[in-house]
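User: Please take a close look at one part of this model and describe its surroundings in detail. Then set that part beside other regions of the chain.

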Amino acid sequence: MYPSTAFTTVLASLWTGIAIAQTSDSTNSASPSTVSSNTSTAASGTSSAYSQSDVPTGTPLPGNYAGPLRPQVHFSPPVGFMNDPNGMFVDQDGLYHLYYQYNPTDTVAGNQHWGHATSHDLYNWTNQPIAIFPGGPGEGIFSGSAVIDVNNTSGFFPNQTNGVVAIYTLNTPERQTQEIAYSYDNGYSFIKYSGNPVIGSNSTQFRDPKVIWHEATERWVMVVAYPVDFEVGIFSSPNLIEWTAESNFSHYGITGLQYECPNMVELPVVGGGEAEDSPSTLWVMLISINPGAPLGGSITQYFLGTFNGTHFEALDSQTRLTDFAKDNYAGQFFYNIPSGQDQVSINWASNWQYTNVVPTGEEGFRSSMSVPRGHYIADLERFGLSMISYPYNISSVVDTELASNSSLGNGTVAVDYSAVESGALYFEANVTGLPDDSPLTGTLNFTFMSSASGESVSGGTFISSGDVWFNRGNTEGLASNPYFNNKFSQTGLYDGSGSWNISGIVDRSIIEVFLNGGQLSASSVFFPSQPFDLMILRVAGLNENASVSVGVWSLRATWLDQANINGTVLGNVTTGNDTGATTTASMEAVKLF
Ligand code: FRU
């Protein structure tokens, strides 16, 4: 996002509406030759946290989750400001760990710590104590990742197979370097490695290491951004301490003004492996760009390709985007989901163009994450190979069926959901019986609105063209902000299968929309002055023999369910470990019809 010194300039320009120039005082070109590795494997270090009187250690910050804009099935921090998801891994008990860029002392970005939360189902989160603290006032613990060092390659864990190593960027006014910290207690507390940095530099533009274990070469592999050089560095290591620069992936796709938060992940390909030239998996290189996204500010692009342990080779020169709206950035994939399975990511559901001024600041917090997204690769009509992105395991928070009609045809479903505590809904509309020998016709639209103020968000799909659209313009919050675009659209293409599907999750101040099971997706925040309480879903002009099945469900109030009478969630104040009950929630994609 920024060298920290430039941050106040960024904020000031947001407030005055002047176009943001993300400054870079880069001295770098942190090419592989500038890298120094530390060869010591001594497992000593410090759990250093400098004392900020209003930042507790060993206990989570309490937060009030009762505000009208506070999402109930999306993760948001108790108080303060959150940006990128960090360090995501699933531990050996199946517990998901989410860390995040966290400013616990203000509702704007800065003062970066690693906040921490855990979940068994990726929706019911337990706030944990802050996991990694800066070591002094000039420091920020910037984005990074975490791995489980099962085989003790680092030497930190002679007596356990569940040692966790976090790899992150230490940001100072002088430089950004890659550091590690290790955890004996499953990721609740970390000790900074005494030999840090593990990758040094003299640059202020070298950040966001994401590490995976590469089975074929039996090496750790890191992707890390040289933001203003538009390069992703690929490093390898036998032990997480000594790193070798292997290659650079540079100047691909949309460069914007910075590359940030790279990820590399291997995904299953549907139908792959059947013919000789069709692989059963493909590698995906994801690069977040900010500023300079096509719709303004930040967005994430990805490239499909192969990876041999040292080099990522793109299959083609096509730039693909993860989302068609504006609030999907810096996504990260969970470490330790078995290969061959759909992989799961969580994204930051905001945009650097307006994140520091969104109205949730009045409720004491800013930003939420996306719902977990499941991913695989499919070969789509005309688009070709694409990364599918669907809401993962949403069935674990589905509560009550509010409406269902299995043969709607052309018609309307209206749902008054004023009595739903969460204010959060999941809906699906499946069109079947579409002809393959005559032109498609019809529209399927939805509106969520406040019966008190008349504000609304709406969206839908033109089945004839395959277009999907979304409009957040009829809401008051940020209405005059020049960067808060109102309308988004994209085109899917009918593949002749006879069916068409749209689904979505609306959650007080965020909506996520999915076309055809995640062939296209959008995350969008919105800020009404009054809570929404009415949903209208309307189908019109459908082909004669086509019919529609519609379902609308309330979602659980995962945060209010753990709040006291005032709406305050204390988080895990009892032990260093997660206290939530173990569930057996299915990790299958939801199939409610
Ligand atoms: C992306 C980013 C990262 C950086 C972090 C700082 O949003 O700018 O590049 O590590 O945020 O909070």
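Analyst: S524 is classed as buried, its relative accessibility being 1%; buried means under 20% relative accessible area, exposed over 50%, and partly exposed in between, with a 1.4 Å probe and protein chains only. The structure is a predicted model, in which local features need pLDDT of at least 70 and side-chain atom pairs count only at pLDDT 80 or more, while totals for chains, interfaces and linings use all residues. Residues are numbered from 1 along each chain as its sequence is written, and side-chain values use heavy atoms, with hydrogens and water left out.

S524 belongs to strand β34; strands are DSSP runs of E with at least two residues, helices are runs of H or I with at least four, and both are numbered from the N terminus. The side chain of S524 forms a polar contact of 3.4 Å with that of R472. A polar contact is a pair of N or O atoms within 3.5 Å; within protein, one must be able to donate a hydrogen and the other to accept it, and residues adjacent in sequence count only if both atoms are side-chain atoms. Setting aside residues up to four places away in sequence, S524 touches A325, D327, F470, R472, F488, S509, I510 and I511, where contact means heavy atoms within 4.5 Å.

S523 also lies in β34, which spans residues 520-525. This serine is buried, with a relative accessible area of 0%. Its side chain makes a polar contact with the side chain of E512 at 3.4 Å. Beyond four places in sequence, S523 touches D323, A325, K326, D327, N328, R373, I511 and E512.

I511 is one of the residues in a nonpolar core of 41 residues that also includes A403, V415 and V431. A nonpolar core is a set of buried Ala, Val, Leu, Ile, Met, Phe, Trp, Tyr and Cys residues joined through side-chain atoms within 4.5 Å. The largest such core has 48 residues, and F75, L122, W125 and L555 have the most contacts inside it. It draws at least three residues from each of domain 1 (82-356 + 369-380) and domain 2 (393-569), bounds that come from an automatic or database domain assignment. Beyond four places in sequence, the contacts of F75 include W125, W559 and M82.

M82 is part of strand β3, residues 80-90, and is buried with a relative accessible area of 0%. Outside its sequence neighbours within four places, M82 contacts W348, R366 and M369, among others. M82 and T107, 25 residues apart in sequence, have C-alpha atoms 8.2 Å apart.

The sheet arrangement can be described next. An open antiparallel sheet has four strands in the order β20-β21-β23-β24, two strands being paired if DSSP finds at least two bridges between them. β20 (329-333) and β24 (384-391) are the edge strands, each pairing on one side only. β20 is joined to antiparallel β21 (residues 343-348) by three bridges, and F333 has S345 in β21 as its bridge partner.

Strand β7 (residues 140-148) is largely enclosed by the rest of the structure, because nine of its nine residues are buried. Seven bridges link β7 to strand β8 (residues 164-171), and the two run antiparallel. Within this pair, G144 has Y168 in β8 as its bridge partner.
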